[in-house]
Amino acid sequence: MKVRLKDIAKEVGVSIAAVSQVLNDKPIRITEEKKQQIKRLAAENNYTPNAAAKSLVLKKTNTIGLIIPDINNPFFANLAKVLEDLLRKQGYLLILVNSDDKVDVEKELIQLLIDRNVDALIIALSTESYADEVQTKERLKNLSVPIVLVDRGIDNFEVDQVFYNNRHGGYIATSELIKKGHKKIGTMMNPDKNINCVYRYQGYLDALKEFNLQRKDSWHVVTKFQFEDAYEKADILLKKRDVTGIVAGNDLIALGIMKRAKELGIKVPEDVSIVGYDNLVLNDLLEVSLTSVEQDVNDLGEKTVLALMNAISGQKPRYVQLTPRLIKKNSVTERVS
């Protein structure tokens, strides 16, 4: 029969909590003789702790909840993998859930994870959360566990946050096209709803202003962060043949544009140059490799885990903004006026 904590506690004459503290090398006021007796009995009986019982005693489950908006997006899938690897090395189990980018689902998942006694939450907020930032802040501020916001931050909010400078990313993507001689540059993204696109689009406008280039409303197409939506809407820019360069909100959007361009007989980069965002691994598998703004997921994951440990220990929240970089490949070429 498998030995239990209460069996060891009964034989030594101490409480179950005391046995758990000793076996977890926690400070406890009992004699050294009893400590050694507890460890000896545990070793002799090949005692292995029950995770549920251990969590009840220590009031800690060593589990972390991760909420992401779209598991189908390779960026978030990669981030989840990095976080799972890093947290496992720290002794934590990661529970991954997907909000489908909807605020009501996000709220439900947060509560479900808290009900399962996670020690903390890492949250990449849904796009819908930004429709009412005041309400979102109030909701997150009152949670019973520490949180870290990853990838999608909120201004003027005192919680740990780790994300990339999206405005700079939009700027360097647009600047690359401008430096290659492109003057008519369009965008496909959703700056009306997605917080990262708000800043990426602002970076696009910053670059146009710096180089004294015009912007037309018809050069901007609103699309979701999805391959299918971008593919369906790409004709708006491609068939007009009005723009020579396109800044995509992410690589999935860029891939949708590239597929449709090929079907229309429009060559990339000869007829239209495209810059993506995220620098996904699959970019190198394309017929024309995609120039893209890189957000190093490994660095993002490492900084997020550091912020998580910071949040769990109750330290003052950290606001970590990382700097993206442009990875130049073959989807952008010189434009001769």
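**Exercise 1.** In this predicted model, find which residues of α5 are buried and work out where they sit around the helix.

*Solution.* Start with the list: Phe-75, Phe-76, Leu-79, Ala-80, Val-82, Leu-83 and Leu-87 are the buried residues of α5. Next, look down the helix axis: these buried residues fall within an arc of 170°, so they line one face of α5. Finally, see what lies over them: the cover includes strands β1, β2, β3, β4 and β9, along with helix α13.

**Exercise 2.** Check the length of α5, then inspect what happens at its ends.

*Solution.* α5 runs over residues 74–89, which makes 16 residues. At 1.5 Å a residue they should span 22 Å, and the end C-alpha atoms are 23 Å apart, so the two values agree. After the helix comes Gly-91, with a positive phi near 90°.

**Exercise 3.** Track down the largest nonpolar core and say which element gives the largest share of it.

*Solution.* The largest core has 40 residues, and Leu-238, Ile-246, Ile-257 and Ile-274 have the most contacts inside it. Among the elements giving two or more residues are α8, α9 and β8. The largest share, six residues, comes from α12. Now zoom in on Ile-274: beyond its sequence neighbours within four places, its contacts include Ile-246, Ile-257, Met-258 and Leu-290. A second, separate core has 28 residues, including Ile-64 and Val-305.

Methods
Residues are numbered from 1 along each chain as its sequence is written. This is a predicted model: local features need pLDDT of at least 70, side-chain atom pairs count only at pLDDT 80 or more; totals for chains, interfaces and linings use all residues. Side-chain values use heavy atoms; hydrogens and water are left out. A nonpolar core is a set of buried Ala, Val, Leu, Ile, Met, Phe, Trp, Tyr and Cys residues joined through side-chain atoms within 4.5 Å. Buried means under 20% relative accessible area, exposed over 50%, partly exposed in between (1.4 Å probe, protein chains only). Helices (H or I, at least four residues) and strands (E, at least two) are DSSP runs, numbered from the N terminus. Contact means heavy atoms within 4.5 Å. The expected span of a helix is 1.5 Å times one less than its number of residues. The arc is that of the directions from the helix axis to the C-beta atoms. A polar contact is a pair of N or O atoms within 3.5 Å; within protein, one must be able to donate a hydrogen and the other to accept it, and residues adjacent in sequence count only if both atoms are side-chain atoms.
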